[in-house]
Amino acid sequence: MDTGTAYEFTPGLPRLELTQVGRGTPYGEVLRRYWQPIALSSDASRTPRQVRVLGEDLILFRTGRGSPGLLYPRCAHRGASLFYGGVERDGIRCCYHGWVFDTEGRCLEQPCEPENGLHRDRVRQPWYPVHERYGLIWAYLGPPDRKPLLPRYDVLETAAADESLITDGSGVGGGGPAFLDFNWLQHWENVLDPFHVPILHARFSGFQFSPEMALMPEVQFEYTACGVRSTQRRFLGDGRTLRRVTEVMFPNLRVVPSPRLKAGPTNILGWVVPCDDESFQIFTVAKDAAPDFLIKLRSTYGGKAWSELTPEEHQRMPGDYEAQKSQGTITLHGDDHLITTDQGVAMLRRMMAKQIRNVADGGDPPGVIFDGNDVIAIEGGNFFEDQ
Ligand code: FES
Ligand SMILES: [Fe+2]
């Protein structure tokens, strides 16, 4: 007899094919077909820095000539970590026996060897291609013969005279902690969950955004060429309608316009970049006249920052972090009951599964550009319209 008690309940399983990010995993291979932001430009310096991205540990540095490099940490000689390396004009020198590698892993010097290493060109330190744009370092961790162009985004390409780009990598999602210690997909698919806004961000945490955001919206979800879009209409009671458009674009871009309702096309884009299966970072680029635009956007809880809350306040005023982390370090998708308002989440999971098959079958996933126009059009924004 099944009476629904917890005694009779067997917890379900996570959908690992959607959540795992390592090399050779189903969605990990989809993620690897795109450029990913991995650090702020200012993170690449003469001091080598460890970065963890898509389950891989790598060393980021910037040569004396100013070129960023991203190398596998274990030195090709006998494995000392390049974290302890010395950055020079053309590359990084291993601390143990002084081999020097350039940003594409070529061995330039083997100083203990006769004639500086006659066969040093036989050695290649594993490396990844990197680029800099919008104040971020971008890396391509996929198969070399499928490397697309690093795309541009129309909303970041044109700026008014007083606007500049503001970049953030602290990973604050909804005013939570800087280090996000749960699976990236719980955050990414939340972009297609506009119904939680009036509940979590108004009823529970107090009005975290503008009062208009507390209204329950009418929502439409649709597939786009590159992902899923949600259009939310809120009837403001003064003859105007707020049409708010949010999008996810493959493989991990979130287009969430200002929840404080700056009007017009979005001036913010964010990439939900997995460090590994159980943690992620959010890299955000905003275009605004106010240098502290992103800081002002952070949610507060009864006037306090997330980090200032007591345990009791965290419980009484939960925000995105509490909701998403408490789903589990990797949520148990098998236990979900997806219903009408989860349509966007269901559509996204379906599209991810389809693209996993596409990539496994040798296809190119949506939105990768190999030549021609490299500008991607963004539809997201807050649009106030007369009824
Ligand atoms: S271990 Fe790096 S040079 Fe020997
Ligand atoms: Fe939220």
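Two strands are taken to pair if DSSP finds at least two bridges between them, and strands (E, at least two residues) are DSSP runs, like helices (H or I, at least four residues), numbered from the N terminus. The structure is a predicted model, in which local features need pLDDT of at least 70 and side-chain atom pairs count only at pLDDT 80 or more, while totals for chains, interfaces and linings use all residues. Residues are numbered from 1 along each chain as its sequence is written, chains are lettered from A and ligands numbered from 1 in the order in which they are written, and side-chain values use heavy atoms, with hydrogens and water left out.

On this basis, β10 is joined by four bridges to strand β11 (residues 136–140), the two running antiparallel. Within this pairing, His 131 has Trp 138 of β11 as its bridge partner, and Val 130 stands opposite Ala 139 in β11. The two strands form a hairpin with two residues between them, and Tyr 134 in the turn has a positive phi of about 55°. Strand β1 is also antiparallel to β11, to which five bridges join it, and here Gln 36 stands opposite Ala 139.

Together, the three strands form an open antiparallel sheet in the order β1-β11-β10. Its edge strands, each pairing on one side only, are β1 (35–40) and β10 (130–133). From one strand to the next the twist averages 35°, with axes being lines fitted to C-alpha atoms (for helices over the stretch in contact) and angles running from 0 to 180 degrees between N-to-C directions.

Five of the five residues of β11 are buried, so this strand is largely enclosed by the rest of the structure; buried means under 20% relative accessible area, exposed over 50% and partly exposed in between, with a 1.4 Å probe and protein chains only. Leu 136, Trp 138 and Tyr 140 point one way from β11, whereas Ile 137 and Ala 139 point the other way.
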